Amino acid sequence: MSAEQVRKRSIERHCAAAIRALAGHPDAEFRRELLFEGDQGVTLLSPHLALDVSRDSLARCRGVADAMALRLVHTDLSLHQSIMPPGDVAAMVFDTLEQLRAESLAPRGYRGMARNLDDAFNEWCRESRGSGLTENEVGLLIYTITQIVRSRLNGTQQDEEVEGLIESTRFRLGPLIGNELAALRSLRHDQRAYAEKALIVAEV
């Protein structure tokens with residue numbers, strides 16, 4: 001096994017241990033950078049959770065692990081899967097909105113977790129802009145919705161670069177899903193009620 005393979009496996013084990021400890025799921029583990037519970041893979045379509053252990057920073061890996069742990073704690077996976085809409089883009093948006101809901105429920109006293117989540121998300125944002133994701137219509141749409149919902153759920157503001165990038169897309173989305181987006185924060189403690197609004201956003 002090469003030094004890079006050893007490093008990669010070490011990070012995966014570290015992340016899996018963090019998930020098991022935080023979520024209380026003793027069977028959680030990584031296989032080929034994907035999260036499993038025993039023999040069952042956990043469906044995670046949110047782009048900001050995609051891991052490349054050989055390339056991503058340790059800070060990003062830690063943040064993604066914390067985000068995955070929160071998903072296991074706060075999401076009824078069977079309910080989520082039963083509501084998942086058809087279509088690749090709709091499913092990705094719906095899954096992303098549920099992931100952001102779970103992350104918004106991180107315990108307030110866990111400052112290290114909050115920092116890890118922010119570091120991981122911000123690194124994804126930078127990579128998305130640098131990789132050209134936001135240069136095509138679908139990529140910019142997903143990026144914009146992700147930014148809007150995360151900001152609303154966490155009560156935070158985007159930086160000026162993000163604001164400038166998403167402004168026109170956000171303006172076009174307002175008349176279509178503005179009411180649903182506005183309702184998400186008040187429903188974030190109720191997965192089913194939140195999912196009803198998230199499903200409308202995803203389908204639009």
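Residues are numbered from 1 along each chain as its sequence is written, and side-chain values use heavy atoms, with hydrogens and water left out. Because the model is predicted, local features need pLDDT of at least 70 and side-chain atom pairs count only at pLDDT 80 or more, whereas totals for chains, interfaces and linings use all residues.

Helices (H or I, at least four residues) and strands (E, at least two) are DSSP runs, numbered from the N terminus. Strands of a sheet pair through backbone hydrogen bonds, either parallel or antiparallel.

Strands β1 and β2 are joined by four bridges in the antiparallel sense. Ala 28 stands opposite Glu 37 in β2, and Arg 31 has Leu 34 as its bridge partner in β2. The two strands form a hairpin with two residues between them, and Arg 32 in the turn has a positive phi of about 55 degrees. In a regular strand the side chains alternate between the two faces of the sheet. Buried means under 20% relative accessible area, exposed over 50%, and partly exposed in between (1.4 Å probe, protein chains only).

Strand β2 (residues 34–37) is also joined to β3 by two bridges, and this pair runs antiparallel. The bridge partner of Phe 36 in β3 is Gly 41, and that of Glu 37 is Gln 40. The hairpin of β2 and β3 likewise has two residues between the strands, and Gly 38 takes a positive phi near 65 degrees there.

Helix α5 (residues 111–131) has 21 residues and reaches 30 Å from its first C-alpha to its last, close to the 30 Å expected at 1.5 Å a residue; the expected span is 1.5 Å times one less than the number of residues. Its buried residues include Leu 117, Phe 121, Trp 124 and Cys 125. Just after α5, Gly 132 takes a positive phi of about 95 degrees.

The axes of helix α6 (residues 137–154) and helix α7 (residues 160–183) come within 9 Å and cross at roughly 70 degrees. These axes are lines fitted to C-alpha atoms, for helices over the stretch in contact, and angles run from 0 to 180 degrees between N-to-C directions. Helices α6 and α7 are therefore roughly perpendicular to each other (65 to 115 degrees; under 35 counts as roughly parallel, over 145 as roughly antiparallel and the rest as oblique). Among the residues that meet are Leu 141, Ile 148 and Arg 152 in α6 and Val 162, Leu 165 and Arg 170 in α7, where contact means heavy atoms within 4.5 Å.

Gln 147 lies in helix α6 and counts as buried at 5% relative accessibility. Not counting residues up to four places away in sequence, Gln 147 touches Phe 121, Cys 125, Gln 158, Val 162 and Ile 166.

Leu 187 is placed in the loop between α7 and α8 (191–203) and is partly exposed, with a relative accessible area of 22%. Apart from neighbours within four places in sequence, Leu 187 is in contact with Ala 193, Tyr 194 and Lys 197.

Definitions and conventions:
Two strands pair if DSSP finds at least two bridges between them.
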